[in-house]
Amino acid sequence: VDPAAASYLYCDMTYVVLRLLIMRRRLAYSAVAILHALANGHRHGFDIIASTGLTSATVYPTLGKLESAGFVSSAWELPNTAQKAKRPPRRYYELRPAGKRALAESLDRFRVLQSVPRRLLPKPERP
Amino acid sequence: VIGRPRVARRRRVDSIFRGLSRLAPRWRRDDWLGEWLAEIEAAGATRIASLVFGAFAHVVWLWRHEWSIDMIGTDVRYALRTILRRPAFALTVTMTIAVGIGATTAMFTIVDAVLLRALPFPQADRVAAIWPRVTFSPHELDDAQRPRDAFEAIGAYSGWGFTLTGGTAAEAIDGARITPQLLPVLGVQPIVGRWFDATTVQPGRDRVALIGEGLWRRRFGGDPAAVGGRLMIEGEAYTVVGVMPASFEFPARRSEIWAPITIDPSTGDYNANFAQLIGRVTRGVSVEAANSRMRVYADELHRSRPKEFGTNFLERAVVVPLQSQLVLTVQKPLWLLLVAVGVLLIIACANTAHLLLARSGSREGEIAIRAALGATRPRIIRQLLVESLVLAIAGGAAGILFAHWLVGVFLPFVPDLPQISRAAVIDPRVMGFTVLVVLSCATLFGLTPALQASRTDVHAVLGSSRGGGRSPRRARIGRALVWAEVALATTLVVSAALLGRSYVHLTAVDLGFAPDRVLTLRVSAPEFRYREDDQLRVLFDDVLQRLRRVPGVVAVGAIHLLPLTPDNWNPGVRVDGVPEADQYQPDVNWRVVTPDYFRTMGIPTRTGRLLTDADDQRATPVAIVNDAFVHAVFHDRSAVGQRIRTGFEAKGTWTTVVGVVGDVRQHSVDQPSLPEIYRPFAQHPLSSLRVMVRVTGEAGAAGLAARAAVAEVDRDIAIADLQPLAAVVDHALGGAKLPLILSALFSTAAMALGVIGVAGILSFDVAERRAEIGLRLALGARPAEIRRQFLARGLRLGVAGVAAGSFVALGVGGVLRSLLFGVSPTDPATIVAVSGTFVLVIAAGAYIPARAASRVDPLNTLRT
């Protein structure tokens, strides 16, 4: 066994475990609402603000948090598309599988959001 | 169609956001701006104020995120990988820090346990020693209790050796005779049973005892029914009334029996000194205030009863916190050692800083690339600081293990104090201290290299073909660090050398007796069988006779208090025919000895004669005095034939001085001898004696035979403290050993680090100048020249450091003064010797890189 490789592996494992521990925290309403909005096809900042009714001061930091936790991913719109629409390129956010799971786990805590169409959520696992 | 005003408005809004973007972290700036510009576009330039607020909140979040655990975690991961890439370096640094932090933690554990932690009693800060250097008769309690408003309770105690009989063998157990008021003073409740009540001090009701948890488990198997049970102490049945918790170690460690002091109203001699007083200060009254009230009262006592309470008493009538009284002698050495260990830690930090600094040369390329990719200076500094933090934490973890071991090494040198037996462990409190130390170390040794490395000039490094050029600034800082290391180490080594010389002086002190080949044992007669003086005389006569018959025994004598111990019996003395005003006021030491004591101990006779067997109860009362007595009491006039009297003899009985013997150190090695009176045992029998046995062979070997010889006389005789007299001397020197051994340890480590520092900086120098050396060798320079050059560099640094350190040592030597014996804190010989040695050691260390320099292969270096 290469000791250097083993120690790298150890560092990375510790890091992953720590990240998981951090992610295990319960999501706040704003985070769930944003995940919910994303699940419903609202894909960029303004859209999310409009659909959730949250302020931009909440939405952007929360998006950042969700992204660093690995729940959502983001990508810039292609410049061509933006040019055709005559506007600056937008940054689009997308739910990742971990985000979908987190949303499904958190939804029953926020019943107000439960009118979400079922098809967008992963099927609950049967025991 | 977009109108002109709207365009102008958009431009204004854009410029606001462009301005705001400057606040965002640099590497996120473009993303941030793009996102918000798209946002403004989508929002159709409405609600601009709300958007600005949102954008600002986003900036704040980006910064917070930058410093979040998550991101630091990334840094830590990166740091770990960087460190593990060079395991040898990491190991060196970790070990250096571990030595510093380990020693600091261990020393703090001891200081915390002895000095900082409260005594194990509730609200221990209110417990005070009253008149700590005066011993009392129980009757004086009343006198001491007079300023009642200052104290909630005052109790008296006297350390006592009990002999448990009735088992298979007599067992000697330490404990105390106490008054019932001691409970409210100390505030500790028995875990089973009850404390004494006030009636137990009356004769006839006093056969009760409290036992310690340890004894309870040993003798009664931890059975609660032990309360009310019987315990045979010196042949008398005592009723056990309660069990004290194991944490109750009063007045000393391993105290396990507490029995009441009996106050017999029929006797009332103020000079029958034996108890010590402690009190609990009233809530709201400070110990200082209690002290001043006690002073006022002591003045009154002195005025009303000047005979009993002389000026001598006035000086000592003080009230001090019990803790400070207990730690009086160790306080200063411990604080100084903590400072010394702090200096060692700083040296270790400086050493690490200079290692990191030297290594940052080889990391310039990496840092330049990071900077070129957009890492800002604070970001790079943070990354490097996280690296030093990781190193410090690794060092701290190793240090704690090291400290755990060191505490075990230190503890035997710390005197027996009630508060340390359980407290001297590495607990959360000590851990908290260690964490603080680790954090400050990481900053201390990480900041300079980090600041230095973050200055890396991107263009210069990435532009040149070979990274890691030579930075004069870095070299200067490195030299300064090593210089400081050597200077600090010199200070430590000088202090240790002074303590060492002082110790040598102490061991050379003439004790007044010859401790070699003398065995000492405490022999206590069971009082229930030997109540009469005659019985005691016969018993001890028999014991000493039998000991004399043990093969290899040369002489046997006995005294009731061992020299070099704090125990004392000290009455006032009056000389016949001297007016009261001219009498010697201070108390004098008073001892009971058997006739052969002086010969056994090798104490020389000055004038007159020694005691003989004829000086018995039927003969005239006689006494031997020491030189100090003749000097102090008789002002060097002839003492033989003079008549003296102390409070220990019946009123009106005069004792004739028949001889003068040499002084012995009675209480400690470094304190001069006090005036002392020796009275013959036959005229003043006691139930417990310290028997001295001089043997031809090794003292320790005679132990078993001596024990057997005593047991032959009576199985109920308790034998305790069987040890060579040399061990007693060793123990007396123990107080001086603690600072000596620890400072020797610390200064050796400091010296090693200093040498490593000098050698290290030279090695880096050699490595950096390899090409130059190769060229010079190729051009005909002789290897010896190169060697001399590097050696001289190292020596210059060493000499500068040692010189500075010697000056510092001269300056700070004063604080050592009270710990030194027979050597001046600015002793030039010590300083010169230490400096010379240190310079030689540095030269030896510098020789290794210097030799490496001279062996550089010119062909090899020129080719690359």
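Predicted model: local features only at pLDDT ≥ 70, side-chain atom pairs only at ≥ 80, totals over all residues.
Residues are numbered from 1 along each chain as written, and chains are lettered from A in the order written. Local features need pLDDT of at least 70, side-chain atom pairs count only at pLDDT 80 or more, totals for chains, interfaces and linings use all residues, and side-chain values use heavy atoms, leaving out hydrogens and water.

**Exercise 1.** Describe how chain B meets chain A.

*Step 1.* Start with contacts, meaning heavy atoms within 4.5 Å. On that rule, 28 residues of chain B touch 26 residues of chain A.

*Step 2.* Now get the buried area, which is the accessible area (1.4 Å probe) that two parts lose on being put together, summed over both. The two chains bury about 2,400 Å² between them, with 61% of it on carbon and sulfur atoms. B:Glu35, B:Trp61 and B:Arg81 supply 24% of the area that chain B buries here, more than any other three residues.

*Step 3.* Look for salt bridges (a side-chain nitrogen of Lys or Arg within 4 Å of a carboxyl oxygen of Asp or Glu). There are two between the chains; one of them joins B:Asp31 to A:Arg91 at 3.8 Å, N to O.

**Exercise 2.** Classify the ring pair B:Phe108 and B:Phe433, and say whether each residue is buried or partly exposed.

*Step 1.* Rings of Phe, Tyr and Trp (its six-membered ring) pair if their centres lie within 6.5 Å; planes under 30 degrees apart are stacked, over 60 edge-to-face, and the rest tilted. Of 18 aromatic pairs over all chains, this one is stacked, at 3.7 Å centre to centre and 5 degrees between the planes.

*Step 2.* Buried means under 20% relative accessible area, exposed over 50%, partly exposed in between (1.4 Å probe, protein chains only). So B:Phe108, at 12%, is buried, while B:Phe433, at 22%, is partly exposed.
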